[in-house]
Amino acid sequence: MKTSCSTTSVADDHMIGCVTTTAKTGPKLSALFLFVRKGFVGLVTVLLALTLAACDRKAENWKLSGPTMGTSYHITVVQVPAGQAKAPLQSAIDAELAAVNQEMSTYIPDSELMRFNAAATGVAVEVSPHLADVVNRSLDIYRRSGGAFDVTIGPLVNLWGFGPNPEPETIPSDEEIDRLQQVLGSDALSLDGLTLTKSRPVSIDLSAIAKGHGVDRVAELLESRGITNYLVEVGGELRTSGVSPQGQPWRIGIERPTAGQVVQKPIQVSGKAVATSGDYRNYYERDGKRYAHTLDPRTGRPVEHRLASVTVIADNCAEADGLATAFNVMGAEAALKLAEKEGLAVFLLVKAEQGFEERYSEAFTPYLESQGR
C-alpha cells in the first residue's frame, strides 16, 4: 500500500488531500479534500499537518472474541474501514449472536425453537425468517443425505448419554432405541413459508447447524458495515473473506484427529466457509467397546465405520456445518459418492492401520493444489 499527500493550487484556492493507492485497486480516496482561501496561511498549515498525520496512519487490524452458544467466537477484521469503532462493532456482534441463541437454542426455555418444540402435534406455528431458513436448509440436507442428517435426533442423543444426560451405566436396549425410532424423523416436519408444523411429537435440535448459521450472520453484519477482509469462527466453524493480516489469502489448517491437535493439511480458503465434523473427541467405552458421539439417525446407534473426520468447504457456513455432520454419519464411501454427485469440496481422514488415510472429492483438489501439492 502506498499513500501520498499533496497541496495543489486551484485559482485562488489550495486543495489539500490524501490518496491511498494499492496494487490491486488503484487510487482510493482516504480523506476529504479541503478548500482554503489564499491568505489563511496558519489555517492551511494546521490543516496540512492534520492531513499528513491522517495519511501516515496505517490501516488497523482488530481481533474480537467472546462467549456464545456454549462455546466461543473469534473474529479477525483486517484493514478496518474508516469510521468504524471497535467497541460498537463488538456490541453489534454480541447482539447478533444473542439473537441467534434466542431463536435456536435448546438451553433457553423461551427461545423461539423451544416454543415450537412445546407446541402440540398438528399446530401450525409462525416462525421467524431466520429459523425458517435454518429448518429449510436442515430438511434439504436430510433429503440429500438419505436421512443421515436429522434435526429431530435429540432424544436419541440424550438416550445414549451424549446430551445433557450423564453417560448411561449400560448401553440403551434395542427396545428403547426402537421405541424412539418410531417417533423421530425430520419427515414429521412441514415448513410452509414461515409456518412450521409437526405431524408426530418430535422436537428440533439445531446444534449441528446453528453455529454455522451464526458465523454467516456475523459475516453478513461485517459486510453490511463495509468490512470485506475478515475471518469469523464460532466453535471451530469459520468463514473468510478478502485477505489476512499478511495481505495474503486466508490459510487454515485441517486438524489431524489426535490429542495433540496437529495440523494435517493447510489449505487456502479466502471467500469460503469451512466446517469440520469428527468423532474423535466425544466417546465412551462399555465392556471394551468404543461408542462415538456420532449417531446414525437411520439406525439409532453410534456409527461404526472408520471415518475419523470430514471437512467441507462451501459458500456459506450453515451449509458446510450441516453437510459435515451428514457426511460424518454416512461414512467415507457414501460421503464421497454424494460429494462427487453434487460437486462438493470434501476432505476426509479415514482411520488406517498406521495413522490416517486422506481421501477427497474432485472439487477439493484446487484447494490442495493452491498449497503446491
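Trainee: What makes strand β19 (residues 307-314) largely enclosed by the rest of the structure?
Mentor: Keep in mind that this is a predicted model. A residue is buried when its relative accessible area is under 20%. In β19, 8 of the 8 residues are buried, so the strand is largely enclosed by the rest of the structure.

Trainee: How do you know that β14 and β19 pair?
Mentor: Pairing asks for at least two bridges between the strands. Strand β14 (residues 273-278) and β19 have 6 bridges, so they pair, and they do it in the antiparallel sense. For example, V274 has I313 in β19 as its bridge partner.

Trainee: And which bridge partner does I313 have in β20?
Mentor: That's A345. Strand β20 (residues 345-351) pairs with β19 over 6 bridges, again antiparallel.

Trainee: Why are β7 and β8 said to stand at the edges of their sheet?
Mentor: That open sheet has 3 strands in the order β7-β9-β8, with antiparallel pairing. β7 (125-126) and β8 (189-192) each have a single partner strand, so one side of each is left without a neighbour in the sheet. β8 pairs with strand β9 (residues 195-198) over 4 bridges, and there S190 has T197 as its bridge partner.

Trainee: Why is I108 called partly exposed?
Mentor: Partly exposed is the range between buried, under 20%, and exposed, over 50%. I108 has 23% relative accessibility, so it counts as partly exposed. I108 sits in the loop between α2 and α3 (112-118). Leaving aside residues up to four places away in sequence, I108 touches N101, Q102 and M114.

Trainee: How do you describe the way α2 and α7 cross?
Mentor: Two packed helices are described by the angle between their axes and the distance between the axes. For helix α2 (residues 86-104) and helix α7 (residues 210-224), the axes come within 10 Å and cross at roughly 145°. The crossing is right-handed.

Trainee: Which residues of the two helices meet?
Mentor: From α2 they include L89, A92, I93 and L97, and from α7 they include A210, V218, L221 and L222. By class, this contact of α2 with α7 has 11 nonpolar, 2 polar and 3 charged residues.

Trainee: And how much of the whole protein counts as buried?
Mentor: Of its 373 residues, 45% do. The secondary structure comes to 10 helices and 21 strands.

Technical notes
Residues numbered from 1 in each chain as written. Predicted model: local features only at pLDDT ≥ 70, side-chain atom pairs only at ≥ 80, totals over all residues. Heavy atoms only, no water. Buried < 20%, exposed > 50% of the residue type's maximum accessible area, 1.4 Å probe, protein only. Axes fitted to C-alpha atoms, helices over the stretch in contact; angles between N-to-C directions. Left-handed = near helix turned anticlockwise from the far one by under 90°. Contact = heavy atoms within 4.5 Å. Nonpolar A, V, L, I, M, F, W, Y, C, P; charged D, E, K, R; others polar.
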